[in-house]
Amino acid sequence: MSKITLLFGTGNPSKLNTMHESLEGLDIELLCLRDMEKSPPTVDESGSSPLENARIKALAYYRHYGIPVFSLDSGLFFENVPDELQPGVHVRNVAGKHLSDNEMIAYYAALAHEYGGKLIARYKNALCLVMSENEIYQSMDESLWGKTFYLTDIPHKQMHQEGFPLDRLSLEIESGEYYYDLPQSVETSMNNGFRRFFVNLLKENYV
(Lines give C-alpha, C1' and ligand atoms only; values in the text may rest on other atoms or scores of the structure.)
Protein backbone atom coordinates (compact mmCIF):
# COMPACT_ATOMS: atom_id res chain seq x y z
CA MET A 1 0.00 0.00 0.00
CA SER A 2 1.35 3.41 -0.96
CA LYS A 3 1.55 6.11 1.65
CA ILE A 4 -1.49 8.27 2.35
CA THR A 5 -0.76 11.98 2.55
CA LEU A 6 -2.63 13.73 5.34
CA LEU A 7 -2.57 17.37 6.34
CA PHE A 8 -2.53 17.91 10.09
CA GLY A 9 -4.47 21.14 10.61
CA THR A 10 -2.03 22.81 12.98
CA GLY A 11 0.89 25.22 12.96
CA ASN A 12 1.84 24.26 16.50
CA PRO A 13 5.30 22.61 16.39
CA SER A 14 4.84 20.76 19.69
CA LYS A 15 1.57 19.19 18.54
CA LEU A 16 3.19 18.26 15.21
CA ASN A 17 6.13 16.57 16.94
CA THR A 18 3.77 14.62 19.19
CA MET A 19 1.78 13.41 16.18
CA HIS A 20 4.93 12.46 14.26
CA GLU A 21 5.99 10.30 17.20
CA SER A 22 2.53 8.74 17.49
CA LEU A 23 2.32 7.82 13.78
CA GLU A 24 5.93 6.73 13.27
CA GLY A 25 6.14 3.64 11.06
CA LEU A 26 2.65 3.96 9.58
CA ASP A 27 2.02 4.45 5.85
CA ILE A 28 1.18 8.10 6.38
CA GLU A 29 3.00 11.14 5.03
CA LEU A 30 2.23 13.93 7.46
CA LEU A 31 2.03 17.55 6.37
CA CYS A 32 1.22 20.59 8.49
CA LEU A 33 -0.09 24.06 7.75
CA ARG A 34 3.45 25.44 7.52
CA ASP A 35 4.11 23.11 4.56
CA MET A 36 1.30 24.62 2.49
CA GLU A 37 1.84 27.38 -0.08
CA LYS A 38 -1.51 29.01 0.63
CA SER A 39 -1.96 30.72 3.97
CA PRO A 40 -4.48 28.94 6.21
CA PRO A 41 -7.99 30.35 6.51
CA THR A 42 -9.23 31.99 9.67
CA VAL A 43 -11.33 29.40 11.48
CA ASP A 44 -14.08 30.33 13.92
CA GLU A 45 -13.63 27.71 16.64
CA SER A 46 -17.06 28.32 18.10
CA GLY A 47 -17.85 24.74 19.09
CA SER A 48 -18.88 23.91 22.63
CA SER A 49 -16.79 20.73 22.81
CA PRO A 50 -13.41 19.49 21.56
CA LEU A 51 -15.16 17.25 19.01
CA GLU A 52 -17.19 20.12 17.55
CA ASN A 53 -14.09 22.28 17.20
CA ALA A 54 -12.04 19.46 15.66
CA ARG A 55 -14.73 18.97 13.03
CA ILE A 56 -15.06 22.71 12.34
CA LYS A 57 -11.32 23.02 11.78
CA ALA A 58 -10.91 19.88 9.69
CA LEU A 59 -13.76 20.83 7.34
CA ALA A 60 -12.48 24.38 6.98
CA TYR A 61 -8.97 23.24 6.07
CA TYR A 62 -10.27 20.51 3.74
CA ARG A 63 -12.39 23.02 1.82
CA HIS A 64 -9.50 25.47 1.66
CA TYR A 65 -6.75 23.07 0.55
CA GLY A 66 -8.73 20.29 -1.11
CA ILE A 67 -6.70 17.42 0.38
CA PRO A 68 -7.44 14.98 3.22
CA VAL A 69 -6.95 16.73 6.55
CA PHE A 70 -7.38 15.99 10.22
CA SER A 71 -7.60 18.31 13.20
CA LEU A 72 -7.15 17.83 16.91
CA ASP A 73 -8.86 19.85 19.59
CA SER A 74 -8.61 19.69 23.36
CA GLY A 75 -10.44 20.82 26.44
CA LEU A 76 -8.96 21.16 29.92
CA PHE A 77 -11.08 20.01 32.83
CA PHE A 78 -10.48 20.11 36.60
CA GLU A 79 -11.94 17.97 39.38
CA ASN A 80 -13.98 19.71 42.10
CA VAL A 81 -14.02 23.08 40.35
CA PRO A 82 -17.34 24.80 39.52
CA ASP A 83 -18.55 24.88 35.92
CA GLU A 84 -17.98 28.61 35.55
CA LEU A 85 -14.25 28.11 36.19
CA GLN A 86 -13.82 25.08 33.93
CA PRO A 87 -11.64 26.06 30.94
CA GLY A 88 -13.02 23.37 28.62
CA VAL A 89 -12.22 24.37 25.02
CA HIS A 90 -11.60 27.97 26.06
CA VAL A 91 -8.26 27.44 27.81
CA ARG A 92 -6.79 30.65 26.40
CA ASN A 93 -9.90 32.79 26.78
CA VAL A 94 -10.72 34.11 30.24
CA ALA A 95 -13.31 36.82 30.92
CA GLY A 96 -13.36 37.74 27.24
CA LYS A 97 -9.57 38.09 26.97
CA HIS A 98 -7.28 35.95 24.80
CA LEU A 99 -4.32 35.08 27.02
CA SER A 100 -0.69 34.96 25.96
CA ASP A 101 1.44 31.98 27.05
CA ASN A 102 2.80 33.88 30.07
CA GLU A 103 -0.68 35.14 31.01
CA MET A 104 -1.96 31.56 30.89
CA ILE A 105 0.76 30.38 33.25
CA ALA A 106 0.03 33.22 35.68
CA TYR A 107 -3.76 32.73 35.58
CA TYR A 108 -3.76 28.96 36.09
CA ALA A 109 -1.04 29.09 38.74
CA ALA A 110 -3.22 31.56 40.65
CA LEU A 111 -6.27 29.31 40.21
CA ALA A 112 -4.35 26.30 41.55
CA HIS A 113 -3.20 28.42 44.48
CA GLU A 114 -6.84 29.15 45.36
CA TYR A 115 -7.45 25.39 45.62
CA GLY A 116 -4.58 24.61 47.95
CA GLY A 117 -1.73 24.66 45.45
CA LYS A 118 -2.82 21.76 43.22
CA LEU A 119 -5.68 20.94 40.90
CA ILE A 120 -6.44 17.49 39.49
CA ALA A 121 -6.62 18.07 35.75
CA ARG A 122 -7.09 16.23 32.47
CA TYR A 123 -7.05 17.13 28.79
CA LYS A 124 -9.94 15.61 26.84
CA ASN A 125 -8.97 15.38 23.17
CA ALA A 126 -10.93 14.81 19.99
CA LEU A 127 -9.85 13.99 16.44
CA CYS A 128 -11.68 14.58 13.17
CA LEU A 129 -10.38 13.35 9.80
CA VAL A 130 -11.98 14.59 6.58
CA MET A 131 -11.12 12.49 3.52
CA SER A 132 -13.96 14.05 1.51
CA GLU A 133 -17.24 15.84 2.19
CA ASN A 134 -18.89 12.42 2.51
CA GLU A 135 -16.08 10.54 4.24
CA ILE A 136 -15.51 11.90 7.73
CA TYR A 137 -14.11 9.99 10.71
CA GLN A 138 -14.14 11.40 14.22
CA SER A 139 -13.64 10.32 17.80
CA MET A 140 -13.53 11.68 21.33
CA ASP A 141 -12.83 8.29 22.85
CA GLU A 142 -11.16 8.29 26.26
CA SER A 143 -8.12 6.59 24.70
CA LEU A 144 -7.33 9.95 23.06
CA TRP A 145 -7.34 11.83 26.36
CA GLY A 146 -4.25 12.71 28.31
CA LYS A 147 -3.45 11.21 31.70
CA THR A 148 -4.86 12.79 34.81
CA PHE A 149 -2.22 15.10 36.29
CA TYR A 150 -1.68 17.78 38.88
CA LEU A 151 -1.68 21.43 37.89
CA THR A 152 0.46 23.23 40.45
CA ASP A 153 0.78 26.85 41.47
CA ILE A 154 4.59 26.85 41.17
CA PRO A 155 5.93 27.08 37.59
CA HIS A 156 8.92 24.95 36.63
CA LYS A 157 12.12 26.98 36.23
CA GLN A 158 12.51 25.78 32.63
CA MET A 159 10.93 27.96 29.95
CA HIS A 160 7.86 26.42 28.32
CA GLN A 161 7.75 24.88 24.87
CA GLU A 162 5.93 26.90 22.24
CA GLY A 163 2.29 25.86 22.18
CA PHE A 164 2.25 24.11 25.56
CA PRO A 165 2.64 26.82 28.22
CA LEU A 166 0.83 24.87 30.94
CA ASP A 167 3.48 22.15 30.82
CA ARG A 168 5.41 24.37 33.23
CA LEU A 169 2.67 23.75 35.81
CA SER A 170 2.11 20.04 35.12
CA LEU A 171 3.10 17.29 37.58
CA GLU A 172 2.84 13.52 37.19
CA ILE A 173 0.49 12.27 39.91
CA GLU A 174 2.37 9.02 40.59
CA SER A 175 5.76 10.62 41.25
CA GLY A 176 4.83 14.22 41.99
CA GLU A 177 7.56 15.24 39.54
CA TYR A 178 7.25 17.87 36.84
CA TYR A 179 6.82 16.29 33.42
CA TYR A 180 9.79 18.38 32.31
CA ASP A 181 11.95 16.33 34.70
CA LEU A 182 10.75 12.90 33.53
CA PRO A 183 12.38 10.87 30.73
CA GLN A 184 11.23 12.12 27.36
CA SER A 185 11.01 8.54 26.11
CA VAL A 186 7.98 7.78 28.29
CA GLU A 187 5.12 6.88 25.92
CA THR A 188 1.73 8.21 26.92
CA SER A 189 -1.66 6.55 26.61
CA MET A 190 -2.77 9.58 24.60
CA ASN A 191 -0.11 8.94 21.94
CA ASN A 192 -1.16 5.30 21.78
CA GLY A 193 -4.77 6.41 21.30
CA PHE A 194 -3.84 8.65 18.36
CA ARG A 195 -1.96 5.77 16.77
CA ARG A 196 -4.84 3.31 17.23
CA PHE A 197 -7.26 5.77 15.62
CA PHE A 198 -5.21 5.79 12.40
CA VAL A 199 -4.23 2.10 12.50
CA ASN A 200 -7.91 1.11 12.69
CA LEU A 201 -8.78 3.56 9.93
CA LEU A 202 -6.11 2.14 7.61
CA LYS A 203 -7.12 -1.46 8.33
CA GLU A 204 -10.82 -0.83 7.74
CA ASN A 205 -10.56 1.34 4.65
CA TYR A 206 -7.17 1.18 2.94
CA VAL A 207 -5.88 -2.39 3.17
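Author: Thr152 sits in strand β8, which covers residues 149-152; strands (E, at least two residues) and helices (H or I, at least four) are DSSP runs numbered from the N terminus. This is a predicted model, in which local features need pLDDT of at least 70, side-chain atom pairs count only at pLDDT 80 or more, and totals for chains, interfaces and linings use all residues. Residues are numbered from 1 along each chain as its sequence is written, and side-chain values use heavy atoms, leaving out hydrogens and water.

Thr152 has a relative accessible area of 6% and is therefore buried, a word that stands for under 20% relative accessible area with a 1.4 Å probe, protein chains only. A polar atom of the Thr152 side chain lies 3.3 Å from the backbone nitrogen of Ile154. Beyond its neighbours within four places in sequence, Thr152 is in contact with Ala109, Ala112, Gly117, Leu169, Leu171 and Tyr178; contact means heavy atoms within 4.5 Å.

One of those partners, Ala112, deserves a look of its own. Ala112 belongs to helix α3, residues 101-114. Its relative accessible area is 0%, so Ala112 is buried. Not counting residues up to four places away in sequence, Ala112 touches Gly117, Lys118, Leu119, Leu151, Thr152 and Asp153. So which residues touch both? Gly117 is in the list for Thr152 and also in the list for Ala112. For a sense of distance, Ala112 and Asp35 are 77 residues apart in sequence and 38 Å apart in space, C-alpha to C-alpha.

Methods:
Buried means under 20% relative accessible area, exposed over 50%, partly exposed in between (1.4 Å probe, protein chains only). A polar contact is a pair of N or O atoms within 3.5 Å; within protein, one must be able to donate a hydrogen and the other to accept it, and residues adjacent in sequence count only if both atoms are side-chain atoms.
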